[in-house]
Amino acid sequence: WRWHAQEQAYLDDAWISFKYARALLSGQGLIYNSEDGPLEGFTNLAWVLLVSGGMRLGCAPEVFARTVGLSSHLALIGLIVSLAWRRGDSQPSSGLITLLLAAIPGATSGLLGIAGSGLETSFAALLMVLLAELSERPRVLPMVLVSTVLCATRPDGLIFVCCYFGATWVHHHRDVHLWRKWLAALLGFAACLGVLLAWKWRYF
């Protein structure tokens, strides 16, 4: 937080999301220029909606986006350590080493810099690790929601979601109870994704 208080730098792509969020909040809809009408000039619908929600609460978009990004980064490290601890050898050194490995990129201007850049990158990464967490104890509704929000946050999230469902199938296909949950979650996600794509096609 101290580093970012001194480094007030944002990536220019973040301002695209901010402009769409401002237009949405003003009642113009998802437009970039009022004369152009609806135009999908962004790839992060969920992030635009999230930022517009923060603006609705009175937050400046850059402050809100940076706060969510940094918070996502910290939560991401916590989840990684938690997963490694539970899946590892339960030795104190295992958690310590994982924490160091997770924090090293943040000690430089790498992942920590991206987390505070106003982009959705850290938020999307957090959603990915949340899916990994859900594979421990599969629950249908959280799997559907996280998968759908991830794909609405970044289009390439669909690649990760497909890999996730594939890996979950390989891991749980012998367990009939878990297999049914996996199938229900997959169908629920496919339905939500279909609705999202149909809405985007109709709107834009």
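Is Phe18 buried or exposed? I looked this up before anything else. Phe18 is buried, with a relative accessible area of 0%. I note here that the model is predicted.

**Entry: the chain as a whole**

I counted the elements next. The chain has 10 helices and zero strands. Read from the N terminus, the order is α-α-α-α-α-α-α-α-α-α. I then looked at burial over the chain, and 39% of its 204 residues count as buried. For contacts I took residues at least 6 apart in sequence; 66% of these contacts join residues at least 24 apart.

**Entry: aromatic pairs**

I searched the whole structure for aromatic pairs and got 13. Planes over 60 degrees apart count as edge-to-face. I located both residues in helix H2 (residues 12-25), where they are three residues apart, about one turn of the helix. Phe18 has a relative accessible area of 0% and is buried. Trp15, at 40% relative accessibility, counts as partly exposed.

I went on to Trp199 and Phe204. Their ring centres are 6.1 Å apart and their planes are at 80 degrees, so this pair is edge-to-face. Trp199 has a relative accessible area of 36%, and I listed it as partly exposed. Phe204 is partly exposed too, with a value of 30%.

**Entry: helix H7**

I checked the length of H7 (residues 121-134). With 14 residues at 1.5 Å a residue, H7 should span 20 Å, and its end C-alpha atoms are 20 Å apart, which agrees. I listed the buried residues of H7: Ser122, Phe123, Ala124, Leu126, Leu127, Val129, Leu131, Glu133 and Leu134.

Glu133 is a charged entry in that list, so I looked up its value: a relative accessible area of 16%, which makes Glu133 buried. What does Glu133 touch, leaving aside its neighbours within four places in sequence? I found contacts with Leu79, Leu83 and Arg86.

Leu79 is buried, with a relative accessible area of 16%. Its C-alpha atom is 7.9 Å from that of Glu133, although 54 residues along the chain separate Leu79 and Glu133. With neighbours within four places in sequence left aside, I found Leu79 in contact with Leu126, Val129, Leu130 and Glu133.

Leu83 counts as buried at 9% relative accessibility. I took the C-alpha to C-alpha distance from Leu83 to Val129 and got 9.1 Å, for residues 46 apart in sequence. Not counting residues up to four places away in sequence, Leu83 touches Val129, Ala132, Glu133 and Glu136.

**Entry: H7 against H9**

I turned to the packing of H7 with helix H9 (residues 157-172). Their axes are 11 Å apart, and the angle between them is about 10 degrees. That makes H7 roughly parallel to H9. Angles under 35 degrees count as roughly parallel. Which residues meet here, from H7 and from H9? From H7 I noted Met128, Leu131, Ala132 and Leu134; from H9, Phe160, Val161 and Tyr164.

**Entry: helix H10**

I ended with H10 (residues 176-203) and repeated the length check. The 28 residues of H10 should span 40 Å at 1.5 Å a residue; the end C-alpha atoms are 40 Å apart, which agrees. The buried residues I listed in H10 are Leu178, Trp182, Ala185, Phe189, Leu193 and Leu196. What do the buried residues of H10 pack against? I found helix H3 (45-56), helix H8 (140-153) and H9.

How values were computed. Residues are numbered from 1 along each chain as its sequence is written. This is a predicted model: local features need pLDDT of at least 70, side-chain atom pairs count only at pLDDT 80 or more; totals for chains, interfaces and linings use all residues. Side-chain values use heavy atoms; hydrogens and water are left out. Rings of Phe, Tyr and Trp (its six-membered ring) pair if their centres lie within 6.5 Å; planes under 30 degrees apart count as stacked, over 60 as edge-to-face and the rest as tilted. Helices (H or I, at least four residues) and strands (E, at least two) are DSSP runs, numbered from the N terminus. Buried means under 20% relative accessible area, exposed over 50%, partly exposed in between (1.4 Å probe, protein chains only). The expected span of a helix is 1.5 Å times one less than its number of residues. Contact means heavy atoms within 4.5 Å. Axes are lines fitted to C-alpha atoms, for helices over the stretch in contact, and angles run from 0 to 180 degrees between N-to-C directions. Angles under 35 degrees count as roughly parallel, over 145 as roughly antiparallel, 65 to 115 as roughly perpendicular and the rest as oblique.
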